[in-house]
Amino acid sequence: MKLKTVDKDNFLEVISERDCPWHQAYLAMYSSQWEGITTDPDLMLIPVDDHLVHRADGVFEAMRCVDGRIYLLEPHLQRLEASAKAIKLDMPPGYSNIRSLIKATVIAGDERDCLIRVVVSRGPGSFSANPFDCHGSQLYINTIRFRPPPKEHYEHGVSAITCSVPIKCSYFANIKSCDYLPNVLMKMEAVDAGAEYAVALDEDGFLAEGSTENIAIVDSAGVLRVPLFERTLAGTTVRRVVELSKGLVERGKLKGAGFYKINPAEAYEAGEIFLCGTTIGILPVVEYDGHRIGTGKPGPIFRELASLLWEDMTQNKEVLTEVGFS
Ligand SMILES: Cc1ncc(COP(=O)(O)O)c(C=O)c1O
C-alpha cells in the first residue's frame with residue numbers, strides 16, 4: 001500500500017481533492033484556534049487532540065436564524081453557560097464577544113436562514129482523559145444551510161416509537177454536552193424501525209424526550225402536558241410552546257398546560273402528540289408505537305400552536321436578535 005506523505009506544502013491540495021457533496025450545506029466557521037472565520041468547508045477542522053474529539057468533552061447549542069434574526073439567542077446562551085458550568089468548563093477568553101462572533105459568522109455565511117451551532121470544548125493538550133492536560137477551552141461556531149423536515153411531516157404528521165436506548169440520568173440530561181451517543185442510537189433505532197422519531201422513557205417508565213426534541217401531548221381531558229424537565233433537556237422550543245399555549249387556555253381551546261409525568265398508555269390515548277425542537281419547530285405525531293393518535297391526522301391544537309410559534313419566530317422582537325445584514 002502506497003500512502004501519501006502529507007505536509008504543510010501539499011495539505012491544501014490533498015484535502016481539496018476529496019469529493020464531499022455534503023459540504024454544500026456548510027456556510028461558515030469561526031474557530032478560536034485561528035481567531036478568524038472561514039467559508040471554505042475544507043478548512044472547517046478541529047484538532048484531533050481537542051478533548052472534544054476523543055472524549056466528547058464539550059458543550060454545545062444549536063439555534064436558528066430566521067430571515068436575518070436569531071431566535072431565542074439569549075435562552076440558548078444561558079443554557080450553554082449552565083452546561084459549561086456543570087462540567088466546570090471555563091469559557092475561552094473570546095467568549096466575552098460571543099454575540100458579535102455569532103453574528104459575524106452568520107454574516108460571513110451570507111444566508112439569512114441558517115442553523116447556528118456553537119461549541120465550547122475543553123481544548124487541545126493531550127490524548128489522556130485528564131482535563132487538566134488541556135491548554136485552554138476553545139470556541140467553534142458553524143453556520144449551516146437550514147434544511148427543515150419535509151413539508152409532508154407537517155401536513156400529514158410523523159410516526160414515533162418508544163426506543164430501548166437507556167435515557168441519560170437526570171444529572172446529564174440537563175447538560176447539553178457533546179456526548180450524544182445515546183441520542184444517535186435512538187435515531188438509529190427509529191430509522192431501523194421505519195419510524196421518523198424515537199422517544200425514550202425514563203427509569204420509571206414515563207415519557208422523557210426524543211433524540212433531539214421534546215415531546216408534549218394533549219391528553220384526553222384537553223390539557224397540554226409536557227414531561228418534567230427533571231429527566232429531559234429543558235428545550236427552548238417546548239418552553240415557548242408552553243408559554244404560547246397559555247393564550248389557548250384563556251380562549252378555552254385547552255383546559256390547561258403544564259409539566260407532568262406521562263405514561264405511554266396516556267400518550268396512546270392522547271388527542272394529539274407533538275415533538276418540539278429548534279430544527280423542527282413543532283411537529284405532529286400521528287402514530288406512536290403503532291397506535292393511531294387522535295384522528296390520525298395533525299389536530300387543531302397543533303395548527304394553532306404551529307402558527308403561534310411561527311409568529312413568535314418571525315415577529316416577536318422580544319425573542320429575536322438582529323444579525324445586522326446590510
Ligand atoms: C436531547 C434533546 N432534547 C430536546 C431538545 C430540544 O431543545 P431545543 O428546543 O432547545 O432545540 C434537544 C435539542 O437539541 C435535544 O438535544
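**Figure 1. Strand S14 and its partner strands.** In strand S14, Gly281 is the bridge partner of Gly277. The model shown here and in the other views is predicted. Strands S13 and S14 pair in the antiparallel sense over 5 bridges, and a hairpin of 3 residues joins S13 to S14. Strand S14 spans residues 281-288, of which 7 out of 8 are buried, leaving the strand mostly covered. Strand S7 (residues 158-162) runs parallel to S14 and is joined to it by 3 bridges.

**Figure 2. The hairpin of S14 and S15.** Strand S15 comprises residues 291-292 and pairs with S14 in the antiparallel sense over 2 bridges. Arg292 in S15 is the bridge partner of Glu287. The two strands form a hairpin with 2 residues between them, and Asp289 in the turn has a positive phi of about 50 degrees. Most residues other than glycine have a negative phi.

**Figure 3. The largest nonpolar core and the surroundings of Ala160.** The largest nonpolar core has 42 residues, and those with the most contacts inside it are Ala160, Ala198, Ala216, Ile273, Phe274 and Val285. When neighbours within four places in sequence are left aside, Ala160 is in contact with Ala195, Glu196, Tyr197, Ala198, Val199, Val285 and Tyr288. A second, separate core holds 29 residues, among them Met29, Met63, Tyr71 and Ile102.

**Figure 4. Ala195 in the loop between H7 and S8.** Ala195 lies in the loop that connects helix H7 (181-192) and strand S8 (197-201). Because 21 other C-beta atoms lie within 10 Å of its own, Ala195 is buried; the cut-off for this class is 20 or more. Not counting residues up to four places away in sequence, Ala195 touches Ser159, Ala160, Ile161 and Ala190. Ala195 and Ala160 are 35 residues apart along the chain, and their C-alpha atoms are separated by 5.5 Å.

**Figure 5. The open sheet of 7 strands.** The strands of this open sheet follow the order S2-S1-S6-S5-S3-S4-S16, and their pairing is antiparallel. Strand S2 (36-38) and strand S16 (320-322) stand at the edges with a single partner strand each, so one side of each has no neighbour in the sheet. On average, neighbouring strands are turned by 25 degrees against each other, direction ignored. Strand S1 (residues 26-31) runs antiparallel to S2 and is joined to it by 3 bridges, with Tyr30 opposite Ile37 in S2.

**Figure 6. Strand S6 and its two pairings.** Strand S6 is mostly covered, with 6 of its 8 residues buried. S6 pairs with S1 in the antiparallel sense over 5 bridges, and Ile144 in S6 is the bridge partner of Tyr26. S6 also pairs with S5 in the antiparallel sense, over 8 bridges. In this second pairing, Val118 has Ile141 of S6 as its bridge partner. In a regular strand the side chains alternate between the two faces of the sheet.

**Figure 7. Helices H3 and H4 against the sheet.** Helix H3 (residues 73-86) packs on the sheet and touches strands S3 (58-66), S4 (69-71), S5 (114-121) and S16. The direction of H3 makes about 175 degrees with that of S3. Helix H4 (residues 98-109) lies across S1, S2, S3, S5 and strand S6 (138-145). H4 runs at about 145 degrees to S1.

**Figure 8. Two loop residues with positive phi.** Asp67 is found in the loop between S3 and S4, and its phi is near 50 degrees, a positive value in a residue other than glycine. Asp67 is exposed, because 11 other C-beta atoms lie within 10 Å and the class extends to 12 or fewer. Lys88 is found in the loop between H3 and H4. Although Lys88 is not a glycine, it has a positive phi of about 55 degrees. Lys88 counts as exposed, with 8 C-beta neighbours inside 10 Å.

**Figure 9. The shell around the ligand.** The ligand is surrounded by 14 residues, of which the closest are Leu233, Gly235, Thr236, Thr237 and Thr278. Helix H8 (236-250) and strand S13 (272-277) are the elements that give two or more residues to this shell. H8 contributes the largest share, 3 residues. By class, the shell has 4 nonpolar, 8 polar and 2 charged residues.

Note on methods. Residues numbered from 1 in each chain as written. Predicted model: local features only at pLDDT ≥ 70, side-chain atom pairs only at ≥ 80, totals over all residues. Core = buried A, V, L, I, M, F, W, Y, C linked by C-beta atoms within 7 Å. Contact = placed C-beta atoms within 7 Å. Pairing = 2+ DSSP bridges. Helix = DSSP H or I, 4+ residues; strand = E, 2+ residues; numbered from the N terminus. Axes fitted to C-alpha atoms, helices over the stretch in contact; angles between N-to-C directions. Near = placed C-beta within 6 Å. Nonpolar A, V, L, I, M, F, W, Y, C, P; charged D, E, K, R; others polar.
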